[in-house]
Amino acid sequence: MREKAEAVIIGGGVTGCGTAYSLAKKGLTDVVVLERGGLCTGASGRCGGGIRQQFTTEANIALAMESVRLFEQLSEELDTDIEYEQGGYLIIAYEDDVDQFRKNVRLQNSLGLHSRFITPAEAQEIVPLLNTDPIAGATFCQTDGHANPFRVVHGYARKAQEMGVEINKFTNVTDIVAVDGHIQAVRTDKGTVKTDTVVNAAGAHSRDIAAMVGVDLPNKPYRHEILVTEPLEHVLDPMVISFKTGIYFSQQKHGSIIGGIGDPEEPSSYNLSGSLRFLKRMARTMVELVPAFGHLNVLRQWAGLYDVTPDAQPILGWTEGVDRFCQANGYSGHGFMVAPKVTELVAELIVDGKPSMPIDDLTLSRFEGEITGEAYVVG
Amino acid sequence: MTEMVCRCEDITKEDILKAIDQGYTTLDEIKHVLRCGMGPCQGRTCIPLITRVVARETGKSAAEVSRPTTRPPLQPLSLSLFAGDEE
Ligand SMILES: Cc1cc2nc3c(=O)[nH]c(=O)nc-3n(C[C@H](O)[C@H](O)[C@H](O)COP(=O)(O)OP(=O)(O)OC[C@H]3O[C@@H](n4cnc5c(N)ncnc54)[C@H](O)[C@@H]3O)c2cc1C
């Protein structure tokens, strides 16, 4: 392991590896990534891979739209097929969703996103297997979609390494040394790296990392469960989701249906076990929407952690009180889809001192004032 | 001749050797990059074979090569089986 680096990134998920790649692309290759497991051990290797731009806050819409622009060229840039597909996101509207959804579409349209409100019949044209009986309509945006998170993370990591970044797997960060608000070094179970710049991309464990230098993050971990079925012929183009039931599912390029459902009764915890309760709620909700899926076999279920902030928007940028300590966490269940733009902005902040898009609304200090949050948190 | 190790996902011994060469030396990592063990057999056929290859290439004993996480259900079960009953 290198003894010193211009920047140390803690976490080998999509944020950490994406930031490493973005820094290297900007010419900063004296960078060390520290990951306590293998790459994708955290949420990045457990997520649904969904990429959506239909949000309800300007910051999230902008980050997601810019990220889609980057996803569109990412396979070529990373020399690997990230299995990116723009089959759209179909957001199911029940009767009492309709007014709010129409407003959301207006906000999204005003920011240049081509989302639209559609009727149940139109929804069925997009998803022929959909049972439209319980639904009042849907919103749809064709340029939403999904990609394979493993391909994205390993693609970022490989390119970053080729450009000179050092990635250390199975290396646990145990402490950050700071003197008078200036970072000196990062300690791990495999040795110490001297640096004055640290990116906190430790996902649901970011709070523990911040605590090492006395910074209190408001993030809380929540278990989210997910399952995958056996592969079947192509029957589903878009990701189908509902904020009311918390369900989401899509068909991967490989053929399997992958999906999850949030649980309003889930307490904050680091629990990663799978539950029968999830399997039943998921099966019932999915089979109601697509009765034909009742025949599908479930191959595996697993869980990951959402890293949730009080307003469901990420925490990005410098930290008051500790010089050059950059937060890149708190994605609240949608960190994969915004990673391309977020990691580019973080790299700009570190190298140029200023990101190309303002992130003032997303820094940690926002929680000192009043909070207006993202309403579209799935699951 | 190519030696098939994972029939569900069409993964050969050469694919495994290439992944090890790229630095993926745990079964979870190999599963993530190649999908082996993720098919309908749920790893029953391929994981013991892959464990042997990894052990030989990394100089570890088969017992030391960490097994991939086992995920429920232990055999494929249909969604309608779970959709029916109450919580
Ligand atoms: C079930 C589920 C479904 C999801 N679906 C979607 C989706 O469809 N679309 C979407 O955009 N998002 C989705 N998400 C959210 C998304 O997965 C996350 O927001 C995103 O992966 C966060 O990436 P990350 O790199 O910031 O964090 P992680 O991937 O969690 O990476 C953090 C890494 O830090 C490491 N680490 C922690 N502590 C230490 C330490 N002390 N030392 C060294 N390393 C450490 C961890 O091992 C981990 O690998 C989903 C999440 C879950 C759980």
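**Figure 1. Polar contacts between chain A and chain B.** Between chain A and chain B, 12 residue pairs are in polar contact, with both partners at pLDDT 80 or more. Keep in mind that this is a predicted model. H8(A) gives the most, with 9 residues. Sorted by class, this side of chain A comes out as 15 nonpolar, 8 polar and 7 charged residues.

**Figure 2. The salt bridge between the chains.** How many salt bridges are there between chain A and chain B? The count is 1, and here it is: Lys169(A) pairs with Glu29(B) through their side chains, at 2.7 Å from N to O. Zooming out to the whole contact, 30 residues come from chain A and 27 residues from chain B. Together the two chains bury about 2600 Å², with carbon and sulfur atoms giving 57% of that area.

Figure 3. Chain A splits into domain 1 (7–47 + 150–219 + 311–368) and domain 2 (86–143 + 220–307). Their C-alpha centres sit 30 Å apart. The area buried between domain 1 and domain 2 of chain A is about 1000 Å², and carbon and sulfur atoms give 52% of it. Which three residues of domain 1 of chain A supply more of its buried area than any other three? They are Arg46(A), Ala204(A) and Asn219(A), which supply 50% of what domain 1 buries against domain 2.

**Figure 4. A closer look at the domain contact in chain A.** Here 17 residues of domain 1 touch 12 residues of domain 2. Look for salt bridges across this interface and you'll find 0, but there are 7 residue pairs in polar contact, both at pLDDT 80 or more. Helix H7 (residues 206–211) of chain A gives the most to the domain 1 side, with 3 residues. That side of domain 1 divides into 6 nonpolar, 8 polar and 3 charged residues.

**Figure 5. The ligand and its surroundings.** There are 37 residues around the ligand, and those that come nearest are Thr15(A), Glu35(A), Ser44(A), Gly335(A) and Met337(A). A backbone N or O atom of Gly50(A) is 2.8 Å from a ligand oxygen atom. On the nitrogen side of things, Val173(A) places a backbone N or O atom 2.9 Å from a nitrogen atom of the ligand. Asn172(A) uses a polar side-chain atom instead, 3.2 Å from a ligand nitrogen atom.

Notes
Residues are numbered from 1 along each chain as its sequence is written. Chains are lettered from A and ligands numbered from 1 in the order in which they are written. This is a predicted model: local features need pLDDT of at least 70, side-chain atom pairs count only at pLDDT 80 or more; totals for chains, interfaces and linings use all residues. Side-chain values use heavy atoms; hydrogens and water are left out. Domain bounds come from an automatic or database domain assignment. Contact means heavy atoms within 4.5 Å. Buried area is the accessible area (1.4 Å probe) that two parts lose on being put together, summed over both. A salt bridge is a side-chain nitrogen of Lys or Arg within 4 Å of a carboxyl oxygen of Asp or Glu. A polar contact is a pair of N or O atoms within 3.5 Å; within protein, one must be able to donate a hydrogen and the other to accept it, and residues adjacent in sequence count only if both atoms are side-chain atoms. Helices (H or I, at least four residues) and strands (E, at least two) are DSSP runs, numbered from the N terminus. Ala, Val, Leu, Ile, Met, Phe, Trp, Tyr, Cys and Pro count as nonpolar, Asp, Glu, Lys and Arg as charged, and the others, Gly among them, as polar. A residue is near a molecule or strand if one of its heavy atoms lies within 4 Å of it.
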